[in-house]
Amino acid sequence: MSTPVSAFDLFKIGIGPSSSHTVGPMIAARQFACLLQSQGLLPKVTALVTQLYGSLSATGRGHGTDRAVLLGLEGHRPDLIDPDAIEPAVAAIRQERRLRLLGVHAVAFDEKEHLLFMRKSLPYHPNGMRFIALDAQGLPLAEADYFSVGGGFVVDAEGAGVRNEEGVQRPPPAALPFAFETGADLLAQCKGHGKSIAALMMDNETQWRPQPEVRAQLLRVWETMAGAVRRGCASTGTLPGRMQVRRRAADLFRQLQGNTPGAAPDPLAAMDWVNLYAIAVNEENAVGGRVVTAPTNGAAGVIPAVLHYHQRFFPGAGDDAVVEFLLTAAAIGIIYKKNGSLSGAEVGCQGEVGVACSMAAGAFAAVMGGTPGQIENAAEIGMEHNLGMTCDPISGLVQIPCIERNAMGAVKAINAARMALRGDGSHFVSLDKVIRTMMQTGADMKTKYKETSRGGLAVNIVEC
Ligand code: SF4
């Protein structure tokens, strides 16, 4: 059995625009600064070099990797930092040409010398980082490699997981009562113990924290998702970057609220609302706002959109449904984490919007009363029709196609659940097989389609 994964490893409260290029690098940079401190080296450091490799180099600037690294070295955490404090903090570092490691030890910072974008990749994963601390003679005091492997997950050179909370690895529970690695395991556990997927997940989560805390934290995740929708619906203007993409959620929200007296009800209005929720979250993500990694930031709008849809359009939906939805989605996400990938740099957008769609499809089937078999079927359909989807963000920004793609993923998830719920759970392609196919397809995909902005839309749209 591999290391247990918690629902809160997947649903991380953080900041935009990217879990792999913003959240992960901030966690890694903070981890390296904590390492220097724990080894008593911090006072001897006079400068620190960060090298960004592969996709972190190719699209790092557009994804805010440079800023995330600086903030992480200063000791900030993605779940705690105030998004409004980011710009002033980064501006101060650049202006003063000085970094305060963990906020306590000042070192020189020259952007050209100390923050390097390397074109090649490190072995192991395309999202690699190397941190080198230098002494007064300019000699290396300490050096470490980290990899941001998708969804805000970070591993060190030995493959050991790095946790966000303390900047150090937190020991996982030795075993879970209902451990599962695959979709087949999950179904067998449900059948063998007569439990729903959400009930089984809740029992597993109590190995990390008591049940009331699990529930409270899940509701906090939901409230953060809802907050992103609210802010997205209230914000106008343009998104950061040269494209000057106009924010659309606020306009759409106004249109949907304005009922024309006497007008016939629009039979497709619900779809507009689903689109709105997803667009609102992803616009917030694009401006570096507070969002929940679900299971990545680029795909942060799919799950909130489908959950909002359920909460708004299904009478009686409340907190219990939120908990059931998020636990079910997490169970599906864990199977992808263990057997697939959550990284656009590794498998293209299949691993981001594709996985989010699959998670949301299964979770929606669950709150609609689906059996474990129907839920697994919904999750499978959600991925099957995202197979081969590339990652080609224009200008390296998580905006086009990402924002609309989340709306498309959310609508597709609802349809996948509807189809599964019309069946009895038996189906031809299993979730495990579709995950295997996703990985094979990702391996065959050219690097230019994997979060490098060197192919697809990224090269076919001429920027002004
Ligand atoms: S295209 Fe998909 S994988 Fe690539 S950055 Fe956008 S959301 Fe992420």
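Is the crossing of helix 13 and helix 18 left-handed or right-handed? It is right-handed. Keep in mind that this is a predicted model.

Let me stay with that helix pair. Two packed helices are described by the angle between their axes and the distance between the axes. Here, helix 13 covers residues 319-339 and helix 18 covers residues 431-444. Their axes come within 10 Å. They cross at roughly 45 degrees.

Who makes the contact? From helix 13, Ile335, Tyr336 and Asn339. From helix 18, Leu431, Asp432, Val434, Ile435, Met438 and Met439. By class, the contact of helix 13 with helix 18 has 7 nonpolar residues, 1 polar and 1 charged.

Now to the charged pairs. Side chains of opposite charge can pair when their charged atoms come close. How many salt bridges does the structure hold? The count is 22. I will show a few.

Start with Glu284. Its side chain meets that of Arg231 in a salt bridge, 3.0 Å from N to O. Glu284 lies in helix 11, residues 269-286, and Arg231 lies in helix 9, residues 211-234. The two are 53 residues apart in sequence, so the pair ties together separate parts.

Glu284 has another partner, Arg247. Their side chains meet in a salt bridge at 2.8 Å, N to O. Arg247 sits in the loop between helix 9 and helix 10, while Glu284 is in helix 11. So this pair ties together parts that are 37 residues apart in sequence.

Which of these side chains are buried, and which are partly exposed? Glu284 has 5% relative accessibility, so it counts as buried. Arg247 is buried too, with a relative accessible area of 8%. Arg231 is partly exposed, at 34%.

Next, a pair of neighbours in numbering. The side chains of Arg98 and Glu96 meet in a salt bridge, 3.4 Å from N to O. Arg98 has a relative accessible area of 36%, so it is partly exposed. Glu96 is partly exposed as well, with a value of 40%.

To recap on Glu284: this buried residue forms salt bridges with Arg231 and with Arg247. Happy to take questions.

Methods. Residues numbered from 1 in each chain as written. Predicted model: local features only at pLDDT ≥ 70, side-chain atom pairs only at ≥ 80, totals over all residues. Heavy atoms only, no water. Axes fitted to C-alpha atoms, helices over the stretch in contact; angles between N-to-C directions. Helix = DSSP H or I, 4+ residues; strand = E, 2+ residues; numbered from the N terminus. Left-handed = near helix turned anticlockwise from the far one by under 90°. Contact = heavy atoms within 4.5 Å. Nonpolar A, V, L, I, M, F, W, Y, C, P; charged D, E, K, R; others polar. Salt bridge = Lys/Arg side-chain N within 4 Å of Asp/Glu carboxyl O. Buried < 20%, exposed > 50% of the residue type's maximum accessible area, 1.4 Å probe, protein only.
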